[in-house]
Amino acid sequence: MMIAELTRHLLIEGRVQGVYYRASMVEQATRLGVRGWVRNLRDGPVEAVVQGPADAVQAVIDWAQRGPAQARVTRVAVADMATAEFEAFEGFVQRGTA
């Protein structure tokens with residue numbers, strides 16, 4: 001039996017830069033077995049693409065709404081994406097600012 005894979009795009013707003021948010025998300029995603037990436041955006045939010053089993057993707061989304069201790073998340077916009085829209089990721093990485 002195949003486990004359904006999901007891909008979601010996240011845009012996280014609030015005090016999410018300079019608070020170890022990206023590195024913490026890499027740790028959480030890796031622990032949960034989710035693949036994809038996270039990066040800062042120049043205008044303040046953090047952007048991420050998460051891919052993996054539905055329950056693990058949802059766990060990362062739930063974590064994203066809190067973030068690390070120093071973060072103050074005000075909004076997480078989640079967009080469904082067809083998994084085919086992105087390459088199949090290996091691991092979860094932190095990318096440079098866009």
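Along the sequence, the protein follows the pattern β-α-β-β-α-β-β. The model is a predicted one. Its secondary structure amounts to two helices and five strands. The radius of gyration is 12 Å, close to the 13 Å that the globule rule gives for 98 residues, so the protein is as compact as a globular protein of that length. Along the principal axes, the C-alpha atoms fill a box of roughly 40 × 25 × 20 Å. Buried residues account for 41% of the 98 residues. Of the contacts between residues at least 6 apart in sequence, 77% join residues at least 24 apart.

The five strands form an open sheet with mixed pairing, in the order β4-β1-β3-β2-β5. Strands β4 and β5 (92-94) lie at the edges, and each pairs on one side only. On average, neighbouring strands are turned by 20° against each other, direction ignored. Within the sheet, β2 (residues 35-40) pairs with β3 in the antiparallel sense, over six bridges. Here V38 stands opposite A48 in β3.

Both helices contact strands of the sheet. Helix α1 packs on the sheet and touches β1, β2, β3, β4 and β5. The direction of α1 makes about 170° with that of β5. Helix α2 lies across β1, β3 and β4.

The buried residues of α2 are A56, V57, V60, I61, W63 and A64. They lie on the same side of α2, because they cover an arc of only 160° around the axis. An α-helix has 3.6 residues a turn, so residues three or four places apart point the same way. The cover over the buried residues of α2 includes β1, α1, β3 and β4 (72-81).

In soluble globular proteins, nonpolar side chains tend to be buried together. The largest nonpolar core of this model holds 22 residues. Among these, L10, I12, Y21, M25, A64 and F92 touch the most other members. Elements that give two or more residues to the core are β1 (5-15), α1 (21-32), β3 (46-53) and α2 (54-64). The largest share, six residues, comes from α2.

L10 illustrates the contacts made from within this core. Neighbours within four places in sequence are left aside here. Beyond them, L10 is in contact with M25, V46, E47, A48, V50, I61, A64, V76, A77 and V78. Of these partners, M25 and A64 also belong to the group of core residues that touch the most other members.

Methods. Residues numbered from 1 in each chain as written. Predicted model: local features only at pLDDT ≥ 70, side-chain atom pairs only at ≥ 80, totals over all residues. Heavy atoms only, no water. Core = buried A, V, L, I, M, F, W, Y, C linked by side-chain atoms within 4.5 Å. Buried < 20%, exposed > 50% of the residue type's maximum accessible area, 1.4 Å probe, protein only. Helix = DSSP H or I, 4+ residues; strand = E, 2+ residues; numbered from the N terminus. Contact = heavy atoms within 4.5 Å. Arc of directions from axis to C-beta. Pairing = 2+ DSSP bridges. Axes fitted to C-alpha atoms, helices over the stretch in contact; angles between N-to-C directions. Rg over C-alpha atoms; globule rule 2.2 N^0.38 Å.
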